[in-house]
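Try each one before you read its solution.

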Amino acid sequence: MVEDLETRVARQFSTLYLTLVSVLVGLVLSDLFSTIHARVVLFPLTLETARTWCQIFGNILSVLSAWVTYSHLGLLKSRLPTIWDTVDAVLVLVTIPLNAAVGRHESADWFFWSAAYLFLGIVAVKINVRQATREPSLRHLLRLGRFGGPYTICWVGAPAYLVIAVASHFHLTPPWLELAAAASAPPAAVVVTILFMREWRAAVRLRSESSSIAGSDLIDSRLEMRTGQDENTNRVLAEQ
């Protein structure tokens, strides 16, 4: 049987999407390491250099967390692509100006771009989930982007980092507070990833169980129909 063009494109879309996202994530990490090698001071260890270390690990873990989200939602895609899929993937590039703010004496830029990253991360998740729900079998994934779900940290962190950015810009934040705020980024990225994976697994298992139940019901109904047909046939033969 010859495979039609639409089916062929839909079957290859997941692989294409994962490749694009992986390339963009690799580009972002390469940009970060180039920035570190070019100008970032890591020693001796002071409050400022400790803040820089936190910024570096925060950037790395945030990008890897984004890749986990993109890749695991991308695995479920089996449809024709739209322009929104490209927009969704390209949003990860907001990490490049975040990389440029790493290790600066003034930390306001890093906090501002962190807030922008978290906000655009929410937008990317919303786009990704809504695009996934174009497939009827994935409509239950909408719950992943809700407030109170895995990305609650992003909902709360975006305005919090923006406030710190404004305060830092006007020199209202002491160094220890900036260090503490930057130190919250790495564990937050890890927690988001863990919560996402937990809910993603639950969503996939829920769909699998629903499909199994639906398949069992279909088989039972067909068996009942077949049994009824056999009884009718036997009844007709007995009457003859």
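This is a predicted model: local features need pLDDT of at least 70, side-chain atom pairs count only at pLDDT 80 or more; totals for chains, interfaces and linings use all residues.

**Exercise 1.** In what order do the elements of the protein run from the N terminus on?

Residues are numbered from 1 along each chain as its sequence is written, and side-chain values use heavy atoms, with hydrogens and water left out.

Solution. Step one: assign the elements as DSSP runs, numbered from the N terminus (helices are H or I, at least four residues; strands are E, at least two). Step two: read them off, and you get α-α-α-α-α-α-α-α. Step three: the tally is eight helices and zero strands.

**Exercise 2.** Work out what share of the protein's residues is buried, and what supplies its exposed surface.

Solution. Start with the cut-offs: buried means under 20% relative accessible area, exposed over 50%, and partly exposed in between (1.4 Å probe, protein chains only). By that rule, 41% of the 240 residues are buried. Next, take the accessible area (Shrake-Rupley method, 1.4 Å probe; for residues, only the protein chains shown count as cover). The protein exposes about 13,700 Å², with carbon and sulfur atoms supplying 68% of it.

**Exercise 3.** Find the aromatic pairs, then follow the ones that involve Trp-110.

Solution. Rings of Phe, Tyr and Trp (its six-membered ring) pair if their centres lie within 6.5 Å; planes under 30 degrees apart count as stacked, over 60 as edge-to-face and the rest as tilted. The structure holds 10 such pairs. In one of them, Trp-110 and Phe-111 have ring centres 5.3 Å apart and planes at 80 degrees, so this pair is edge-to-face. Trp-110 is buried at 1% relative accessibility, and Phe-111 is buried at 0%. Now go to Trp-110 and Tyr-161: their centres are 6.1 Å apart and their planes at 55 degrees, so call this pair tilted. Trp-110 sits in helix H5 (residues 108-132) and Tyr-161 in helix H6 (residues 152-169), so the pair ties together parts 51 residues apart in sequence. Tyr-161 counts as buried too, at 10% relative accessibility. Elsewhere, Phe-13, Tyr-17 and Tyr-70 form one aromatic cluster.

**Exercise 4.** How many disulfides does a search of the whole structure find?

Solution. Look for pairs of cysteine sulfur atoms within 2.5 Å. The search turns up zero disulfides. As for burial, Cys-54 counts as buried at 16% relative accessibility, and Cys-154 counts as buried at 10%.
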